[in-house]
Amino acid sequence: MLRLKELREQLRLNQEGLAVKLNVSQSTISAYEVGERMPDLETLIAIADFFHVSLDYLAGLSDVKQQIRQSDLTADELEYLYTYRQLSN
């Protein structure tokens, strides 16, 4: 988990505090942070939801913290996006 420690420290949480929030042990959080263990998919989703980041960001595959969902956009924004996608290169 490349970014777990970074995200945890941004919220000023210690490993034990995060463990309580995620219902896992402190040693499990430590193992995730140093790469000794990988969380299962359910736990990955819980971690991403807790920190309000995408799974890609959490795994270090993207620098975009949170993807924009269609439901987050107004009707005007959706129309602008549709128009933009119709433009030629």
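**From a surface patch to the core**

On the surface of this structure, Leu 41, Ile 45 and Leu 55 form a nonpolar patch, and together they have about 260 Å² of accessible area. The model is a predicted one, and every value given here is computed from it. Ile 45 is described as partly exposed because its relative accessible area is 38%, a value that lies between the limit of 20% for buried residues and the limit of 50% for exposed ones.

In soluble globular proteins, nonpolar side chains tend to be buried together. Here the largest nonpolar core has 14 residues, and those that touch the most other members are Leu 4, Ile 29, Ile 47, Phe 51, Val 53 and Leu 58. At least two residues of this core are supplied by each of the helices α1 (4-10), α2 (15-22), α3 (26-34), α4 and α5 (55-59), and the largest share, 4 residues, comes from α4.

Phe 51 also leads us to the aromatic rings. A pair of aromatic rings is described by the distance of the centres and the angle of the planes. The structure holds 1 aromatic pair: the ring centres of Phe 50 and Phe 51 are 4.9 Å apart and their planes stand at 85 degrees, so the pair is edge-to-face. Phe 51 is buried, with a relative accessible area of 9%, whereas Phe 50, with 25%, is partly exposed.

What remains is to look at the charged side chains. Side chains of opposite charge can pair when their charged atoms come close. How many salt bridges does the structure hold? There are 2 salt bridges, and in one of them the side chains of Asp 63 and Arg 3 meet at 2.8 Å, counted from N to O. Asp 63 lies in the loop between α5 and α6 (75-86), while Arg 3 lies in the segment before α1, so this pair ties together parts that are 60 residues apart in sequence. Asp 63 is exposed, with a relative accessible area of 66%, but Arg 3 counts as buried because its relative accessibility is 12%.

In the salt bridge between Arg 8 and Glu 33, the side chains meet at 2.6 Å, N to O. Arg 8 belongs to helix α1 and Glu 33 to helix α3, so the pair ties together parts that are 25 residues apart in sequence. Arg 8 and Glu 33 are both buried.

Note on methods: Residues numbered from 1 in each chain as written. Predicted model: local features only at pLDDT ≥ 70, side-chain atom pairs only at ≥ 80, totals over all residues. Heavy atoms only, no water. Patch = residues over 30% accessible without salt bridge, like charges linked within 9 Å, V, L, I, M, F, W, Y side chains within 5 Å. Areas by Shrake-Rupley, 256 points an atom, 1.4 Å probe, with all protein chains shown as cover. Salt bridge = Lys/Arg side-chain N within 4 Å of Asp/Glu carboxyl O. Buried < 20%, exposed > 50% of the residue type's maximum accessible area, 1.4 Å probe, protein only. Phe/Tyr/Trp six-rings, centres within 6.5 Å; stacked < 30°, edge-to-face > 60°. Core = buried A, V, L, I, M, F, W, Y, C linked by side-chain atoms within 4.5 Å.
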